[in-house]
Amino acid sequence: MVAHHTTPPTPAAPATGRTSDVLVVGGGIVGLVAAWRAALLGLSVVCLDPDPGSGATHAAAGMLAPVTEATFGEEALTALCVDSAARWPAFAAELEEASGLSTGLRTCGTLAVSYDQGDAEQARRMRGLHQRLGLSAEEITVAEARELEPFLGPRLSAAYRVSGDHQVDPRATHRALLAALDRMPHVELRHVAAAEILRSPSGDVLGAVDVVGERHVAGTTVVAAGVASGDLLRTVPGVDVPVRGVKGQSIRLDASDQPSFGLRHVVRGTVQMRPVYVVPRPGGEVVVGATSEERSDHDAPSAGGVHALLRDARVLVPGIDELAFLEVTARARPAMPDNLPLLGATDVPGLVVATGHHRNGILLAPLTAAVLEATLAGVADGTAPPLPDAVARTDARRFSRQGVPA
């Protein structure tokens, strides 16, 4: 059913106020990708965010893992992830050239390991899914896994080498996006939150009002505010954004003063059916994650969550016990009921939505860039790689149109 709201429309924006071709609400990786692609189209851009990159982007580990993130019943999402992972090298190269900064992309591969026999059985079921979907994951012996990664724990029951699952540094990528935008004319980042959407008497979206009362008028408004997107759009009739927050916690450790610790691959696996991963970065940072809880108190790490992550991670990689503890970060990741992102134009003129990326916001960044660029340009760029058929499943109108005759 299309949601019906009783809140009266916001009055039309006056002629005065900040005016741009595109207004982006949200300065995480999705919002900045939207701003960047809009600017590359030659459009003037204003982006609103009180603390850019402090949301889900700040907590993300940055695994580019279409294979090890694949799960039953989510074939469309897997197709999107596979497509976007293939775009990452070109996306990173373009962004690094535009910004002069590294994105931290590493093609180091992933070792997927299992703790006990129950975990091994689950891994075999996942291997069957990978084969049906045409994904590459090579089963190897635990001894072979230890040859590849001597830091693996002593009690493991199964191992797989996933050579196509890589990693990128989300914080470095976000810094690169900020630097690229800073170099571009007609782009302005405003450190302020949007409070409400501006609409005309006819219902078109005209921009947004920020928390200090300033109006930001734009030809197109892109709402990429993560878990806040739903509340921001709740008063816009004809738009349904049923985003929910899925809290995740990650831990950052420091191996820079431990020269004997030399983890070379991303290690992820299950310990008594609990998923956990360990991501080594150049320079010594090691990221451990990530919990998933259906709740949105994103800034409140829990003692139990931290304990569970360290307990399970040290089963896979015992050497983390010797590493210095840097931080624990908890954030709410935006997720939709079908776990697919919400991307593209809505039925309301002037409004584009980009949210709901759940665990895959970093992985899906290049594909999100392509979808938004095509949306903002009005036509797909024939010189760009074609979008996968599964992109149709991310239609930003799919929840708004439920129950509406074709």
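On a 1 Å grid over the protein atoms alone, a cavity is a set of points where a 1.4 Å probe fits but cannot get out; a pocket is an open set with protein on both sides within 12 Å along at least five of seven lines; and lining residues have an atom within 4 Å of a point. The model is predicted: local features need pLDDT of at least 70, side-chain atom pairs count only at pLDDT 80 or more, and totals for chains, interfaces and linings use all residues. Residues are numbered from 1 along each chain as its sequence is written, and side-chain values use heavy atoms, with hydrogens and water left out.

**The whole chain.** Begin with the C-alpha trace, which spans about 70 × 45 × 45 Å along its principal axes. Colouring by secondary structure shows nine helices and 18 strands, taken as DSSP runs (helices H or I, at least four residues; strands E, at least two) and numbered from the N terminus.

**The cavity.** Next, select Pro66, Glu69, Ala70, Thr71, Glu74, Leu77, Thr78, Cys81 and Asn360, which line the largest cavity. Its volume is about 40 Å³, a volume being the space filled by probe spheres set on grid points joined across faces, edges and corners. The search of the whole structure finds one cavity of 30 Å³ or more.

**Helix 3.** Select residues 75–99: this helix has 25 residues and reaches 35 Å from its first C-alpha to its last, close to the 36 Å expected (1.5 Å times one less than its number of residues). At tryptophan 88 helix 3 bends by about 40°, and proline 89 follows within four residues; the bend is the angle between axes fitted to the seven residues ending there and the seven starting there. Just after helix 3, glycine 100 takes a positive phi of about 75°.

**The second largest pocket.** About 810 Å³ of space lies here. Of its 36 lining residues, Thr68, Glu69, Ala70, Arg268 and Pro275 are the closest to the centre. Then highlight helix 4, which gives the most to this lining, with six residues. Strand 12 (244–254) and strand 13 (266–271) are among the elements that each supply at least two.

**Glycine 203.** Finally, go to the loop between strand 9 (194–199) and strand 10 (205–210), where glycine 203 lies. Is glycine 203 buried or exposed? Glycine 203 counts as buried because its relative accessibility is 18% (buried means under 20% relative accessible area, exposed over 50%, partly exposed in between; 1.4 Å probe, protein chains only). A C-alpha to C-alpha distance drawn to glycine 350 reads 9.7 Å, although glycine 203 and glycine 350 are 147 residues apart in sequence.
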